[in-house]
Amino acid sequence: MNNNSLFSVLLEEFHDKIKDFPEGIIRERTFPNIPNKIMVAIGMRRTGKTHLLLQTIKTLLKEIPLTRILYINFEDDRLSGLSQQQLAGLLDDFYSFYPENHDALCYLFLDEIQNVDNWHQVVRRYFDTKKVKIYLTGSSAKLLSKEIASSLRGRSFAVEVWPFNYKEFLEKKNLSFPSGILGKKALDQSKKNLTTYLEQGGLPEVISLEHQEDRTKILQDYVSTVIFRDIVERYNITNLHLIRQLIKIILKNIGCLVSVNKLFEDLKSQGISVSKGTLHEYFEYINDSYLAFTVPLYAESLRKVQSNPRKIYAVDTGLSKAYSVTLMSNFGHHFENLVYLDLRRRGDEIYYYLTKKNRREVDFFTCDLMGKWHLYQVSWDISDPETLARETLALREAEEELNLKGHIITPESYFSEFLPSLQRL
């Protein structure tokens with residue numbers, strides 16, 4: 001099939017797709033209306049980046065004709081190995097197909113663009129020479145950000161796309177979000193809904209599935225795809241066993257401290273040959289794929305930051321459940337992971353804190369986009385007096401050292417205080 005006939009097929013399929021597209025849940029995260037910027041959506045596979053593009057197209061169609069919009073998904077196997085010249089050819093075909101578009105404002109939606117080598121040169125040329133709005137998605141923070149910084153040079157605005165947050169999850173499940181003062185009945189139901197969310201996670205495809213076995217299979221398939229497409233293939237990794245083991249360790253231990261030195265010794269004792277440098281690189285690759293993240297200790301000394309363990313969190317708590325070997329979920333760690341994701345959605349710079357006095361740990365010390373610092377201790381259950389005393393003592397020590405008012409986040413305060421505070425920023 002030559003390029004011209006392939007373009008005709010892709011265009012016809014796009015028109016059929018958008019005609020039958022069910023809008024479903026309107027995501028809270030949308031593209032902002034910023035002129036003269038290329039919009040870039042970045043996130044892990046299956047978090048809803050394509051849905052966001054199609055949702056944006058549906059909104060545009062209320063005002064402009066479909067003939068001024070082009071959508072191409074570069075995960076399509078027919079576009080595998082597409083070159084820079086072939087990408088330019090496809091875009092040229094769009095204008096050849098609709099010659100009137102040369103003088104009109106058009107909208108180009110290029111999905112998973114990182115699959116095309118040197119894509120940024122073509123995108124930059126079109127952005128500079130045509131009347132066009134361009135929307136991109138990608139599954140690699142590092143690859144896209146590197147190319148954006150080096151080639152697009154201030155022409156882009158990045159939006160991170162995450163799994164459904166708790167409110168979106170409830171909407172998908174046709175459940176109401178708790179508001180106002182909660183009585184015992186409402187609080188019990190809300191906590192039950194929250195535990196369901198922590199176990200299932202917010203990845204759109206799995207939310208509607210009834211059986212945990214089906215969710216586990218699909219979520220594990222997601223992880224395998226990320227491993228092969230966004231890590232192994234992208235970085236030419238040959239030690240597949242090691243990267244699989246490392247990801248399993250991460251997903252089973254969300255909310256925990258991880259030390260590369262200790263991990264190195266543990267793997268060595270299992271007969272797995274690896275260097276500390278390789279472990280650092282693999283953690284970076286995993287972070288770039290948006291599968292999981294590490295949070296450093298807050299300290300003014302870079303050496304102190306580098307010598308201390310980091311805390312690890314997954315992009316979705318359902319992924320952790322899919323790799324759990326126990327029947328019971330660790331709701332404390334999952335709840336902490338949920339708060340981490342909410343803070344990431346807000347755009348916070350995130351650390352954990354150890355008090356200087358007694359090295360007591362506070363879960364999150366963060367700086368929001370307005371430059372305001374926040375201190376949070378997360379606890380699933382503080383009904384036990386010893387738990388309450390331990391969590392409170394660490395927070396009080398940190399408050400004194402940082403001269404900052406902190407907050408304990410429990411499921412009860414999550415509904416009534418924490419989420420509303422995120423929305424007020």
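## Basis

The model is predicted, so local features need pLDDT of at least 70 and side-chain atom pairs count only at pLDDT 80 or more, while totals for chains, interfaces and linings use all residues. Residues are numbered from 1 along each chain as its sequence is written, and side-chain values use heavy atoms, with hydrogens and water left out.

## Helix 7 and helix 15

Helix 7 (residues 184-200) packs with helix 15 (residues 331-346) at an angle of about 80°, and their axes are 10 Å apart. Helix 7 is therefore roughly perpendicular to helix 15 (a term for angles of 65 to 115 degrees). Helices are DSSP runs of H or I with at least four residues, numbered from the N terminus. Axes are lines fitted to C-alpha atoms over the stretch in contact, and angles run from 0 to 180 degrees between N-to-C directions.

On the helix 7 side, Leu194, Thr195, Tyr197, Leu198 and Glu199 meet Phe331, His334, Phe335, Leu338 and Arg345 of helix 15 (contact means heavy atoms within 4.5 Å). By class, this contact has six nonpolar, two polar and two charged residues. Ala, Val, Leu, Ile, Met, Phe, Trp, Tyr, Cys and Pro count as nonpolar, Asp, Glu, Lys and Arg as charged, and the others, Gly among them, as polar.

## Aromatic pairs

Rings of Phe, Tyr and Trp (its six-membered ring) pair if their centres lie within 6.5 Å; planes under 30 degrees apart are stacked, over 60 edge-to-face, and the rest tilted. The count comes to 34 aromatic pairs. Phe169 and Tyr197 form a tilted pair, 4.9 Å centre to centre with 50° between the planes. Phe169 lies in helix 6 (residues 166-172) and Tyr197 in helix 7, so the pair ties together parts 28 residues apart in sequence. Phe169 is buried at 1% relative accessible area, and Tyr197 is buried at 3% (buried means under 20%, exposed over 50%, partly exposed in between, with a 1.4 Å probe and protein chains only).

Phe365 and Trp373 form a stacked pair, 4.5 Å centre to centre with 25° between the planes. Phe365 is buried at 4%, whereas Trp373 is partly exposed at 30%.

## Charge over a ring

The charged end of Lys130 sits over the ring of Tyr95, 4.4 Å from its centre (NZ of Lys or CZ of Arg within 6 Å of the ring centre and within 35 degrees of the ring normal).

## Thr50

Thr50 touches Tyr71 and Asp111, not counting residues up to four places away in sequence.

Key:
Helix = DSSP H or I, 4+ residues; strand = E, 2+ residues; numbered from the N terminus. Parallel < 35°, antiparallel > 145°, perpendicular 65-115°, else oblique.
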